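Please open the structure in the viewer and keep the selection tool at hand.

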Amino acid sequence: MPARSRRRSGGFTLIELLAVLIILLVAAALIVPRVMERPDEKRQRAARADLRTLQDALNRYKNDTGRYPATAVGLEALAHKPTEGGDALNWRGPYLERIPKDPWNRFYLYANPGQHGPIDIYSLGGDGHPGGEGVDADIGNWNLEEPR
């Protein structure tokens, strides 16, 4: 009796396909969260970067004029020369081409003197109201560290 040889077809078995699918799903579960950033965290990082830029511009303004702009003048003093007072004489700006809005499309707030330091520059976060937690938390030049 001649020996029969089994010849396997060129396809994959169901078990092999399931194993590959499981490996791909596990890899995607580990990689996708790191690649796809959460939009709220991205907005918070952008706000922190803007606040650092505004703080640097305000420090340059103070170095030139001897003081930070008054609250009433606000951040606009960084882009437009004051029209009166001692600040106008020593102003060497513009310190910024334009005053950015926060990532939620609202103006950054400014106070001189500040509650947290000589000046406060801040965004009211996602909800636009003082206080809050997480995405809705205020972000100011006093808390620029990334949360852990």
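Where is Pro 69 found? Select this residue: Pro 69 is found in the loop between H2 and helix H3 (86-90). Please note that the model is a predicted one.

**Stop 1**

Is Pro 69 buried or exposed? Its relative accessible area is 1%, and because buried means under 20%, Pro 69 counts as buried. Now display the residues that Pro 69 touches, leaving aside those up to four places away in sequence: Leu 58, Tyr 61, Gly 74, Ala 77, Asp 87, Tyr 110 and Asn 112. Pro 82 lies 13 residues from Pro 69 along the chain, and the C-alpha atoms of the two are separated by 9.1 Å.

**Stop 2: the whole chain**

The protein contains three helices and three strands, and from the N terminus on, the order of its elements is α-α-α-β-β-β. The protein has 148 residues, of which 28% count as buried. Among the contacts with a separation of 6 or more, 43% are between residues 24 or more positions apart. If a surface is displayed, the protein exposes about 10,800 Å², and carbon and sulfur atoms supply 56% of that area.

**Stop 3: helix H2**

Select residues 39-65, which are helix H2. How far apart are the end C-alpha atoms of H2? They are 39 Å apart, which agrees with the 39 Å that the 27 residues of H2 should span at 1.5 Å a residue. Just after H2, Gly 66 can be selected; this residue takes a positive phi of about 90 degrees.

Colour the buried residues of H2, which are Gln 44, Ala 47, Arg 48, Leu 51, Leu 54, Gln 55, Ala 57, Leu 58, Tyr 61 and Thr 65. What covers them includes H3, E1, E2 and E3.

Remain with one of these residues, Gln 44. Its relative accessible area is 12%, so Gln 44 is buried. Not counting residues up to four places away in sequence, Gln 44 touches Trp 104, Gly 134, Val 135 and Ile 139.

**Stop 4: the sheet**

Select the three strands. They form an open sheet in the order E1-E2-E3, with antiparallel pairing. Which strands stand at the edges? Strand E1 (109-111) and strand E3 (139-140) do; each has a single partner strand, so one side of each is left without a neighbour in the sheet.

E1 and E2 pair over three bridges in the antiparallel sense. Select Tyr 122, which stands opposite Gly 140 in E3, and then Ser 123, whose bridge partner in E3 is Ile 139.

**Stop 5: a patch on the surface**

Finally, select Leu 14, Leu 18, Leu 21 and Leu 25. These residues form a nonpolar patch on the surface, and together they have about 400 Å² of accessible area. Centre the view on Leu 25, which has its place in helix H1 (residues 14-35). Is Leu 25 buried or exposed? Its relative accessibility is 53%, and because exposed means over 50%, Leu 25 counts as exposed.

Notes:
Residues are numbered from 1 along each chain as its sequence is written. This is a predicted model: local features need pLDDT of at least 70, side-chain atom pairs count only at pLDDT 80 or more; totals for chains, interfaces and linings use all residues. Side-chain values use heavy atoms; hydrogens and water are left out. Helices (H or I, at least four residues) and strands (E, at least two) are DSSP runs, numbered from the N terminus. Buried means under 20% relative accessible area, exposed over 50%, partly exposed in between (1.4 Å probe, protein chains only). Contact means heavy atoms within 4.5 Å. Patches are made of residues with over 30% relative accessible area and no salt bridge: like charges are joined within 9 Å, nonpolar side chains (Val, Leu, Ile, Met, Phe, Trp, Tyr) within 5 Å. Accessible areas come from the Shrake-Rupley method with a 1.4 Å probe; for residues, only the protein chains shown count as cover. A salt bridge is a side-chain nitrogen of Lys or Arg within 4 Å of a carboxyl oxygen of Asp or Glu. Two strands pair if DSSP finds at least two bridges between them. The expected span of a helix is 1.5 Å times one less than its number of residues.
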